[in-house]
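Work through the exercises below with the sequence and the model open. Each task is followed by its solution, taken step by step.

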Amino acid sequence: MDKIKNIAILGSTGSVGTQALEVIGFNPGLFRAFLLTAHSNADLLIAQALQFNPVYAIICDDSKYSYVKEALVNTGVRVLSGIQAITETVTHPDIDIVLTAMVGFAGLEPTIAAIKAGKDIALANKETLVVAGELVTGLAEKHGVKILPVDSEHSAIFQCLAGEADNAIEKIILTASGGPFRGKDLEFLSHVVREDALKHPNWVMGAKITIDSATLMNKGLEVIEAKWLFGLEAEQIDVIVHPQSIVHSLVQFQDGSIKAQMGLPDMKLPIQYAFTYPKRVKNNFPRFNFTNYPNLSFEKPDIKTFRNLAIAFEALNRGGNMPCIVNAANEIVVKGFLDNNIGFLAMSDIIETCMQKISYKQQPQLADYLNTDKETRIFAQNLIKQMPLKALQI
């Protein structure tokens, strides 16, 4: 590589962000952490800034701005606060790649700003394409920007498609671990609590995505994201449960041939590939050994018990602002579940109610997405407040 790439990490204190900094730390001759942002984890942001000396450190929580600024006063790091500061700073001319690892809808506007500024996007914030896939991919094409997937499943598809530009995709197959409740029934799920749902069998992730994995909503969001990343129709996307999380996803071509991308469940590999694409760079990550995994198994997802996957496919088929409604409702109910305000099964109930009650728009613009998101969140929060105690299911 000719020069060090300046990386902006939106959400540097989360699971993906911290692993991205590990990748940067392993390769100081290739990458520099130019911009680091955090929602509210001021102490970790300060520690990261002291270690990596970025040009900018931004804390979204305005109340913690003075604390961060004072801690970094003698470092030369420029400290800012608020989401608007992120949206403005990602356009800096020296930034080469923007890793969007912020949680949820909050990542949309900074990602759009970065695309309009011509920055390549390493996409870990799947909600950006779930909410506004048509808008975002259209802007990327207009501005000549690459969207490089960081989710392990989409990175797997992306890698399988290398060198296959002239070959038609028959379908893609996204793999799912099944989460901590694979094989469980509704009776069991009616009694689970947050501590149970946060025990993912294979991946170390943030709380929100871990709950999404337990409900299969994470896979549903990935289905919607895949449509926009790879230009597919809903019927070209399959999901299969693969408990070992070794086969990260597969592509089937029109001649019936299937390519799979495999490896240990480690987010650092897709992060590094997004940073170095189209090249591969040597690393010291643990290697997969077939003899350690003599049995790889696959099964159909149970969409009757785990309704969120079916909900996501319905949203994809309806299009318009329906995925935005589903995403906003899901963010609210996951927080409600994590706060012990609703039970596990009530999450799907509330999302479905939002789909029925929130105004549907077939061809939304950015303002419509913003309004839909706000309207849905308020409606979902009110539904949670109205939940009877029995809905806690504990």
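**Exercise 1: a covered helix**

The buried residues of α12 are Lys268, Pro270, Ile271, Gln272, Tyr273, Ala274, Phe275 and Thr276. This is a predicted model, in which local features need pLDDT of at least 70 and side-chain atom pairs count only at pLDDT 80 or more, while totals for chains, interfaces and linings use all residues. Residues are numbered from 1 along each chain as its sequence is written, and side-chain values use heavy atoms, with hydrogens and water left out.

Task: state how many of the residues of α12 are buried.

Solution. Start with the terms: buried means under 20% relative accessible area, exposed over 50%, and partly exposed in between (1.4 Å probe, protein chains only). Helices (H or I, at least four residues) and strands (E, at least two) are DSSP runs, numbered from the N terminus. Eight of the nine residues of α12 are buried, and the helix is mostly covered. One of the buried residues, Lys268, lies over the face of Phe285, at 5.6 Å from the ring centre. For such a placement, NZ of Lys or CZ of Arg must be within 6 Å of the ring centre and within 35 degrees of the ring normal.

**Exercise 2: ring pairs**

Task: classify the pair formed by Phe158 and Tyr273, then the pair formed by Phe337 and Phe344.

Solution. Rings of Phe, Tyr and Trp (its six-membered ring) pair if their centres lie within 6.5 Å; planes under 30 degrees apart count as stacked, over 60 as edge-to-face and the rest as tilted. The whole structure holds eleven aromatic pairs. For Phe158 and Tyr273 the centres are 6.3 Å apart and the planes stand at 70°, so this pair is edge-to-face. It joins distant parts of the chain, with Phe158 in helix α7 (residues 152-160) and Tyr273 in helix α12 (residues 268-276), 115 residues apart. Phe158 counts as buried at 19% relative accessibility, and Tyr273 counts as buried at 8%.

The rings of Phe337 and Phe344 have centres 5.8 Å apart and planes at 75°, so this pair is edge-to-face. Both Phe337 and Phe344 are buried. Over the ring of Phe188 sits the charged end of Lys184, 4.8 Å from the ring centre.

**Exercise 3: the sheet**

Task: give the strand order of the open sheet of four strands, and name its edge strands.

Solution. The order is β9-β8-β10-β11, with mixed pairing. At the edges are β9 (237-241) and β11 (258-262), each pairing on one side only. Two strands pair if DSSP finds at least two bridges between them. Strand β10 (residues 247-253) and β11 pair in the antiparallel sense over five bridges. Across this pairing, Leu250 stands opposite Ala260, and Gln252 stands opposite Ile258. Four residues lie between the strands of this hairpin, where Gly256 takes a positive phi near 95°.

**Exercise 4: the core**

Task: which residues of the largest nonpolar core touch the most other members?

Solution. A nonpolar core is a set of buried Ala, Val, Leu, Ile, Met, Phe, Trp, Tyr and Cys residues joined through side-chain atoms within 4.5 Å. Of the 125 residues in the largest one, Leu99, Ile172 and Phe275 touch the most other members. Helix α14 (residues 322-338) gives the most to this core, with ten residues.
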